[in-house]
Amino acid sequence: MFECFSMESRTVEAYIYTHTHPWSRIAKWSDSVHQIRNFSATKLNKGAREHPPTSRARGPREFGARVGVTPTHLGLLKGIMDSGNQLQSQGYAADITSIKEAKLRISPYIHETPVLTSKSLNFIARKQLYFKCECFQKGGAFKIRGASNAIFSLSNDQAAKGVVTHSRSIFNIFCYSGNHAAAVSLAAKLRGIPAYIVIPENAPRCKIENVKRYGGQVIWSEPTFQSRENVAKKVQQETGAIMVHPFNDKYIISGQGTISLELLEQIPEIDTIVVPISGGGLISGVTLAAKAINPSIRILAAEPRGADDAAQSKAAGQIIRLPETKTIADGLCAFLGDLTWPVVRDLVDDIITVDDEAIIGAMRMCYEILKVAVEPSGAIGLAAVLSDQFQQSAAWKDSNNIGIILSGGNIDLGVLWKSFGK
Ligand SMILES: Cc1ncc(COP(=O)(O)O)c(C=O)c1O
C-alpha cells in the first residue's frame, strides 16, 4: 500500500494505493505553497527514498509531484497544513517561521545533536524511547541554540557593546544553573563581542569554569536577588551591553524551538515529546515548532516536585511563583514568564512532577545504560516517562514513540558522587 502526495499551485492532495482502490484520493488541503515546497524538500523526499513508488504505482498525471510516504509523513504534512498558520496567528512569542529563521541563523554555530536509543531502556519503559542528546550540544546544553539566535540577531551597533546576563534567582534564594551563562559566553565569543556574566559567589564551581572557558567575563554579586539586579544594572549602564534573558525572549524561544525541527526530521514517527521545564523557554520553542509540524503531537513537561510552579500555574490558570524551591535539578527553579506562560497554558498537554529520588534514578540510568553524562535537570524527562503519574495517565496508552530531551550534561563530579551515594 502506498500513499502519494500530489502538488498543484496551492493544494496538496494525498492518495492511497490499494489493489481494490488504486490511487483513491483520501485528503486534500489548501495552504501556502511555500510551506508545502519546504516540506516536500525534506520529509517527503525522505519518505520517497524510504518507500519508492513501484513501477506499477501510477498517480494522477495532472499533478507535478508524486512521492510515496508513510502514514507518519501524512500526519506531519496535515500538521503543517492545518495548524502552522493557525499557531502563527495566535500571537505567541515565536512561530514556525521565526524558528526556521533561527535554524538558518544558528546552524553554523551549533551541533545537530544525535538521537540515541536503548533496547534496555525501551524494555524498562515499555515504550520506544528516543533520547535527543542536547547534553552533547556545544556548551554542554541546549542553551546555545537560544543564546546564539539572540546574539546573532543583534545589529552590529548593538552587538559592539556586548551582552550581559545573570543567574536566575527567586526572592533571596539563588538557583544557579549556569547553562545559559555559559551559552551566552560562547555565543558572544563566536560573534567576537564581550559577554558580562553576573554570578553569585556561591555558584557551583563547574558552571563558573564553563563561563570562563568560553571567554565570559565573570562579575561577582552577592547571593541575593537585590545584589544580582544591582550589579547587572550597573554593568548595563557602564557598558551599554544588551541583556540576554534566559527564557522570556522571542529569540531565545525560537532558538530552543530548533530542537523540534531536528528531532522530527530525525525521527518523524515521534508522537510525544517530554521536555524539562523551568522558565519555559525550552518547552515553548519545542512546542510551537512541534505542533506546527504535527498538531497531534503530545508535549509533556517534566518538573521537579520541589519546584512545581509550572504544574501549579497550569492548575490555577495563572502564573504561580513559589516562596522557595528545593531540588537537585538546579536548572529547573525559575518561574514562567509572560511570554512562556501562554504556550504552557494553551499548548503543553500535561506537566509531570517527579521527586529528586526519581531524577537521580534517571540520571543513573543515563550513565549506566545509555552511557551518557546527563545533569539532573537534563535527566528529568526519563524520570517523568517512568513515573506512576505518566504510566497511569490517559496519555500513556497513546504515547508509543517518545522523544525525551536530555537537555544538558554539565555536572560537578563531586555533586554526582554525592547524589549517587544517597
Ligand atoms: C539543563 C537544563 N534543562 C532545562 C532547563 C529549562 O529551560 P527553561 O528555563 O527554558 O525552561 C534549563 C534551564 O536552565 C537547563 O539548564
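This is a predicted model: local features need pLDDT of at least 70, side-chain atom pairs count only at pLDDT 80 or more; totals for chains, interfaces and linings use all residues.
Which residue in β16 is the bridge partner of C133?

## Strand β16 and its neighbours

The answer is L406, the partner of C133 in β16. That bridge belongs to a pairing between strand β6 (residues 128-133) and β16, where six bridges link the two in the parallel sense.

Strand β13 (residues 272-276) also runs parallel to β16, and three bridges join them. To see this pairing in the structure, look for V274, which stands opposite I404 in β16. Strand β16 itself spans residues 401-406 and is mostly covered, with five of its six residues buried.

## Strand β10, covered on both faces

Now move to strand β10, which is made up of residues 195-200. Here six of the six residues are buried. In a regular strand, side chains alternate between the two faces of the sheet. On one side of β10 you will find A195, I197 and I199, and on the other Y196, V198 and P200; both faces are covered.

## The partners of β10

Strand β7 (residues 163-166) runs parallel to β10 and is joined to it by four bridges. Within this pair, H166 stands opposite V198 of β10.

Strand β11 (residues 217-221) is parallel to β10 too, with five bridges between them. One place to look is I197, whose bridge partner in β11 is V218. To get from β10 to β11, the chain passes through helix α8 (residues 205-213), making a right-handed β-α-β crossover.

Technical notes: Residues are numbered from 1 along each chain as its sequence is written. A residue is buried if 20 or more other C-beta atoms lie within 10 Å of its own, exposed if 12 or fewer, and partly exposed in between; C-beta atoms are placed from the backbone. Two strands pair if DSSP finds at least two bridges between them. A crossover is right-handed if, with the strands pointing away from the viewer, the path from the first strand over the helix to the second runs clockwise.
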